[in-house]
Amino acid sequence: MNIKKWLPLIGILLFVYILIKLDLMEVVKEIRNVDMMFIFIALIFIVIMFFIQTFKWFTIAVFQDIKMPFLEAVKITLITNFYGFITPSKLGTVVRAEYLKKYTGNIGKGLCNFTLDKMLDIASIIFLAILFSFMFKDKLNLPIGFFVLFFLVFVLILLFFVGKNRSKFVLRFFYKRLVPENMKCKAKITFDSFYDHM
């Protein structure tokens, strides 16, 4: 099944469902009351964030020895942001791996790029939560200990799965029982390429 073919349809159906549930007159009323200066500032920040997001995963791609022009990375980010916009929790952004296949020869390294990018996102969010917990501990009752513990557990899990042999040991159970026989060879190639230049 071609995921790129079905994701837009799923997204459009979800969008239509949300529109049906919304009070459209209230939405129109809110739009009319918007200060255009804030819209302009928001658009500037969106453009800046877009290029930061692109540069982030493009830098990971450079370290993975994925040779591609930066303009192509911008194009891929535009496409994947579209898929992310029309799918719940931005799950559609994983299609980046499919577009990177043109430069890697297989989907494994693209999946690795996507995974590392998301792991860095999660790590930075947890780190900022810890930082702000310390900075505003007198004003806000934030669970600093929980954030620190969560960060340490996250890093330990990440360090564990960075090792190819350790991952293979854990995932062997799923490989033997859940992967169909006709896909085992492809799954092995994808797994091996996932760990190339990790």
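Confidence in the chain is lowest in helix H1 (residues 3-21), with a mean of 70, and highest in helix H3 (residues 36-63), at 92. These numbers are pLDDT, the predictor's confidence in each residue on a scale from 0 to 100. Across the chain the mean pLDDT is 84, with 94% of residues at 70 or more. Where pLDDT is low, the predicted coordinates should not be read in detail. This is a predicted model, so to speak of local features takes a pLDDT of at least 70, side-chain atom pairs count only at pLDDT 80 or more, and totals for chains, interfaces and linings use all residues. Residues are numbered from 1 along each chain as its sequence is written, and side-chain values use heavy atoms, with hydrogens and water left out.

Now for the overall layout. The chain has 9 helices and 0 strands (helices are DSSP runs of H or I with at least four residues, strands are E runs of at least two, and both are numbered from the N terminus). Read along the sequence, that gives α-α-α-α-α-α-α-α-α.

How does the radius of gyration of the chain compare with that of a compact globule of 198 residues? The chain has 21 Å, while such a globule would be near 16 Å. The radius is taken over C-alpha atoms, and the globule rule is 2.2 Å times the number of residues to the power 0.38. Along the principal axes, the C-alpha atoms fill a box of roughly 55 × 50 × 35 Å.

Next, what is tucked away?

Thr77 sits in helix H4 (residues 70-85) and counts as buried because its relative accessible area is 1%. Setting aside residues up to four places away in sequence, Thr77 touches Phe50, Gln53, Thr54 and Trp57.

Thr104 belongs to helix H5 (residues 96-104). Its relative accessible area is 18%, so Thr104 is buried too. Beyond its neighbours within four places in sequence, Thr104 is in contact with Ile66 and Lys109. Thr104 and Lys67 lie 37 residues apart in sequence, yet 8.3 Å apart in space, C-alpha to C-alpha.

Methods: Buried means under 20% relative accessible area, exposed over 50%, partly exposed in between (1.4 Å probe, protein chains only). Contact means heavy atoms within 4.5 Å.
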